[in-house]
Amino acid sequence: MEHRAISFFFLVICLFVFADAGSVGVNYGRIANNLPSAVKVVKLLKSQGIERVKVFDTDPAVLKALGGSGIKVTVDLPNGLLISAAKRQSFANAWVQKNVADYYPATQIEAIAVGNEVFVDPHNTTLFLIPALKNIHGALVKYNLHSKIKVSSPIALSALQSSYPSSAGSFRPELIEPVFKPMLEFLRQTGSYLMVNAYPFFAYEANSDVIPLDYALFRENPGVVDAGNGLRYFNLFDAQIDAVFAAMSALKFDDIKMVVTETGWPSKGDENEIGASVDNAAAYNGNLVRRVLTGGGTPLRPKADLVVYMFALFNENQKTGPSSERNYGLFYPNEEKVYDIPFTVQGLKNYRDVRSPVTGGERVSTPVTRGGSVSGHTWCVANGETGKEKLQAALDYACGEGEADCHPIQPGATCYDPNTLVAHASFAFNSYYQKKGRVIGTCDFQGAAYVVTQPPKDLGSVSSPQDIEERDGSG
């Protein structure tokens with residue numbers, strides 16, 4: 001019965017299309033004295049297809065320039081104003097009117113970040129965060145903007161007591177009762193989301209002796225199995241995000257969504273800043289874009305579409321600290337790219353990293369079955385960046401010596417359309433992969449394919465190979 005079940009699965013999968021799983025934005029910092037005007041910056045954003053931007057203040061020139069652009073904006077109430085916003089509703093009302101209501105809806109403000117990484121702020125403003133959140137939201141209610149604009153506050157990963165393994169993620173005990181429980185309850189009641197700043201670079205820099213660089217850069221690697229939940233992680237970013245999800249789950253807030261408000265990799269650093277280089281920054285951010293736009297959610301939250309803001313738009317020459325702080329930019333101040341990466345699904349078609357990344361997330365059973373296979377719902381798809389010649393050779397192998405079932409992609413057959421090399425190769429690679437029992441290593445084709453854990457957007461009703469086997473009576 002297995003052959004009939006798998007054949008039926010392939011007839012169904014050709015009715016699927018891949019969906020854009022998430023959204024990519026960028027942080028527009030301005031701690032520099034050589035940046036282009038806000039008007040030029042908006043033109044740059046539009047030329048790159050960037051549809052979301054996060055700013056660290058409410059500069060009138062910036063908000064005015066963004067008016068009518070169609071770009072969605074997240075603004076920031078600086079940490080220095082937290083105390084005033086917390087103590088006086090009248091202050092919060094005036095701030096929202098001047099910095100939000102006066103620009104909306106021409107400027108499409110979609111969120112307000114109340115403070116930034118407040119828990120590590122040396123001015124000890126943590127206890128003012130919750131009342132500030134509530135007062136800013138109250139001001140939005142006053143101006144009837146509360147259903148259109150979300151309120152949250154970005155946290156750093158240092159707010160976690162534990163982040164490894166991901167399943168053991170937990171918040172710092174001293175922050176749970178006074179801050180996290182009331183903040184997460186506020187987010188739940190207002191329909192908002194947790195803002196998180198996550199930097200795999202910092203973890204790699206401090207632990208390069210144990211964290212493989214490929215794992216940090218979304219490149220092909222064996223992955224790391226979380227002993228706590230059996231999930232296999234193929235990149236550090238997903239592992240960090242799931243640690244936060246686990247921490248929320250431990251407090252019974254599984255329903256709260258997350259937005260990654262900052263992540264990035266420096267293109268230059270001091271001698272002791274291991275991993276800071278142009279090549280690594282290009283790989284991290286380029287593969288991040290692909291992972292977000294095509295990879296679905298995380299292993300722990302596979303259905304959670306990701307919204308991620310890269311840090312940062314420009315190199316900022318007046319930032320203090322190590323050299324890396326001044327070299328996170330995607331662009332130089334003259335608007336030239338520091339390295340060439342795409343920001344859209346269309347741009348991904350021509351994007352090439354040294355090695356193909358994988359999205360990860362297979363759940364490993366105990367015991368592992370089928371001679372080293374991974375259980376869970378996984379599919380093998382073509383890596384469109386590998387080049388036509390390599391892709392065609394891999395397709396020829398899969399349909400020939402590999403004995404994949406390629407009849408449905410022949411002219412006039414059920415899955416012939418869309419008639420593209422990538423679509424046909426994905427079908428053939430997945431046929432081979434499923435036939436081999438999804439054994440680790442059977443979805444590679446010398447870099448021409450990779451595993452995904454999110455099914456293509458379903459136009460039918462079948463969600464996995466296992467589902468079909470069960471319905472067809474095979475085991």
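Arginine 30 is partly exposed, with a relative accessible area of 30% (buried means under 20% relative accessible area, exposed over 50%, and partly exposed in between, with a 1.4 Å probe and protein chains only). The structure is a predicted model, in which local features need pLDDT of at least 70 and side-chain atom pairs count only at pLDDT 80 or more, whereas totals for chains, interfaces and linings use all residues. Residues are numbered from 1 along each chain as its sequence is written, and side-chain values use heavy atoms, with hydrogens and water left out.

The side chain of arginine 30 meets that of aspartate 57 in a salt bridge at 2.5 Å, N to O (a side-chain nitrogen of Lys or Arg within 4 Å of a carboxyl oxygen of Asp or Glu). This pair links distant parts of the chain, 27 residues apart, with arginine 30 in the loop between S1 and helix H2 (38–47) and aspartate 57 in the loop between S2 and helix H3 (60–66); helices (H or I, at least four residues) and strands (E, at least two) are DSSP runs, numbered from the N terminus. Aspartate 57 is likewise partly exposed, at 26%, and a network of salt bridges links Arg30, Asp57 and Asp59.

Strands S1 (residues 23–28) and S2 (residues 52–55) pair in the parallel sense over three bridges, where pairing requires that DSSP finds at least two bridges between two strands. Both belong to an open sheet of nine strands with parallel pairing, in the order S5-S4-S3-S2-S1-S13-S12-S9-S6.

Among the twelve salt bridges of the structure, aspartate 353 and arginine 219 meet at 3.0 Å, N to O. Aspartate 353 is buried, at 12%, as is arginine 219, at 8%.
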